[in-house]
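Hi there,

Here is the structure I promised to pass on, with my notes below it.

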Amino acid sequence: MVTEVRRAGASASSIRLDARALATAVAASFALAYPVCLWQMFQSHGWIFGLGGRPSVTDFMVFWLAGQSALKGMAAAAYVPQFHHAAEVAMSGHAFAGQLPWRNSPLFFFVAAPLALLPYMWSFIVWVAGSLAIYSVVVWRIARTPLALVLACATPAVFLNALCGQNGALSAAVMGAALLNLERRPIVSGVLIGLLSYKPQFGILLPVALLAGGYWRTFASAALTCAACMLASTLVFGADTWRDFLHYLPITSNEILVQGVNGFKKLQTMYGLVRWLGFGNEIAWVMQTGLICIAGAALFWLWRRKVPLALKAAALPLATLLVTPHLFMYDFPLLALSFAFLYRQRAFDGMEFWGLGLANLCIGVFLFLPTPIGMAALLISSVLVVRRVLQAWSAGSPAHLSLQVA
């Protein structure tokens with residue numbers, strides 16, 4: 001009997017090693033392939049610049065042009081659709097259907113304006129390389145293993161961010177750093193959470209988690225940072241920026257959610273999935289609201305329980321992605337935080353390595369078949385997080401697992 005148990009244990013260990021080796025090899029291949037692919041696209045005028053040598057119409061163009069407006073003392077003009085579209089047409093050198101409007105919080109001008117000081121190409125490269133470097137380091141510090149660095153760079157969401165120059169990696173880095181400092185440096189954690197308010201849809205559940213966990217100093221620090229950032233942006237870029245931002249906020253929500261101007265296939269949410277399947281706005285909102293209630297209640301329950309803090313931190317980014325109705329695939333670097341905190345609690349077993357691979361496969365499928373397949377990645381990740389929580393709960397885990405920066 002003892003021999004059989006030992007053999008079973010050795011077999012399980014072999015499966016874990018095989019899964020780890022396979023995951024590492026695949027991740028390393030993808031992480032190396034991305035820069036090669038981007039370089040080839042750049043050489044063939046498929047990235048940053050188009051065939052005519054003019055900048056391609058991308059999300060980063062929106063950031064850079066908004067930064068130019070801010071540098072000229074006309075930050076509020078970036079919110080005017082006609083003005084911003086005309087600037088995009090002039091910069092790209094050709095007219096194009098639809099619009100890429102600037103709808104970011106005025107706080108993001110503090111990022112866009114410095115980027116606009118550089119020539120467009122170098123600004124694009126510095127932004128992509130810098131934000132991805134910060135994101136990778138944060139994920140590595142969370143998981144405390146070089147493997148995490150490889151896996152963080154291998155997710156297709158990283159390639160999507162680099163392709164369009166979006167801010168998903170920066171958002172993940174800020175939230176990850178905030179959670180990493182939550183116990184040892186609560187004030188610093190609150191400041192980072194306050195800075196994340198440039199992406200307001202990602203702040204829905206942060207107060208729920210902080211209040212449920214009793215992190216009052218972090219909550220107060222986040223609130224004060226938010227207020228200070230709003231005041232600073234008002235003084236630097238003008239009060240008109242907040243007026244126009246708040247004016248266009250419901251208009252943008254109506255265009256993206258109700259009218260589906262970007263296509264419901266791009267919305268990686270329950271709302272987007274229901275609309276993509278052909279149902280109406282009301283049914284989609286009922287489904288999304290139900291998911292918000294379930295995820296919010298589950299997160300509140302979890303952050304009140306005596307389970308390792310790493311598991312609570314793993315659940316927060318995942319729940320954040322689930323509850324927002326406005327989510328695109330370039331926001332999915334946030335999901336890497338959930339896996340990093342799971343690994344911090346303990347190394348992955350075979351099922352978790354396969355789950356990680358399957359979730360990233362779903363994200364990668366979007367590159368070839370744009371659909372709300374991101375919901376499948378979130379569902380797989382939810383199963384893994386819930387499984388860990390149940391294991392920790394049944395084992396009677398200690399109330400806290402330190403997340404101090406090593």
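**Helix packing**

Helix α10 (residues 206-213) packs with α11 at an angle of about 150°, and their axes are 8 Å apart. Before going further, please keep in mind that this is a predicted model. Angles over 145 degrees count as roughly antiparallel, so α10 and α11 are roughly antiparallel to each other. On the α10 side, the contact is made by P207, L210 and L211; α11 brings W216, T218 and F219 to it.

L249 counts as partly exposed, at 40% relative accessibility. From L249 to V274 there are 25 residues in sequence and 23 Å in space, C-alpha to C-alpha.

**Buried places**

How many residues of α16 are buried? The count is 12 of its 13 residues, so this helix is mostly covered. The buried residues in α16 include P333, L334 and L335, and also F339, F341, Y343 and R344.

D331 is found in the loop between α15 (309-323) and α16 (333-345). Is D331 buried or exposed? It counts as buried, because its relative accessibility is 1%, and the cut-off for buried is under 20%. Not counting residues up to four places away in sequence, D331 touches G168, K199, F202 and L321.

H85 has its place in helix α3 (residues 81-92). At 19% relative accessibility, H85 also counts as buried, with the cut-off at under 20%. Leaving aside neighbours within four places in sequence, H85 is in contact with F96, G98 and Q99.

**Aromatic rings and a charge**

The structure holds 28 aromatic pairs. One of them is formed by W39 and F42, and it is stacked, with 5.8 Å centre to centre and 25° between the planes. Why are these two residues about one helical turn apart? W39 and F42 are three residues apart in helix α1 (residues 2-43), and therefore about one helical turn separates them.

**Cysteines**

How many disulfides does a search of the whole structure find? It finds zero. Two of the cysteines illustrate this. For C226, the closest cysteine sulfur is in C229, and because the distance is 6.7 Å, the two are too far apart for a bond; the cut-off for a disulfide is 2.5 Å between the sulfur atoms. C226 counts as partly exposed, at 25% relative accessibility. For C362, the closest cysteine sulfur is in C164, and at 20 Å it is too far for a bond. C362 is buried, with a relative accessible area of 10%.

**Backbone angles**

H45 is a residue other than glycine, and its phi is near 60°, a positive value. H45 lies in the loop between α1 and α2 (59-71), and it is partly exposed, with a relative accessible area of 37%. R144 is not a glycine either, and it has a positive phi of about 60°. R144 lies in the loop between α5 (120-143) and α6 (146-154), where it counts as partly exposed at 47% relative accessibility.

Happy browsing, and do write back with any questions.

Best wishes

Technical notes:
Residues are numbered from 1 along each chain as its sequence is written. This is a predicted model: local features need pLDDT of at least 70, side-chain atom pairs count only at pLDDT 80 or more; totals for chains, interfaces and linings use all residues. Side-chain values use heavy atoms; hydrogens and water are left out. Helices (H or I, at least four residues) and strands (E, at least two) are DSSP runs, numbered from the N terminus. Buried means under 20% relative accessible area, exposed over 50%, partly exposed in between (1.4 Å probe, protein chains only). Contact means heavy atoms within 4.5 Å. Rings of Phe, Tyr and Trp (its six-membered ring) pair if their centres lie within 6.5 Å; planes under 30 degrees apart count as stacked, over 60 as edge-to-face and the rest as tilted. Axes are lines fitted to C-alpha atoms, for helices over the stretch in contact, and angles run from 0 to 180 degrees between N-to-C directions. Angles under 35 degrees count as roughly parallel, over 145 as roughly antiparallel, 65 to 115 as roughly perpendicular and the rest as oblique.
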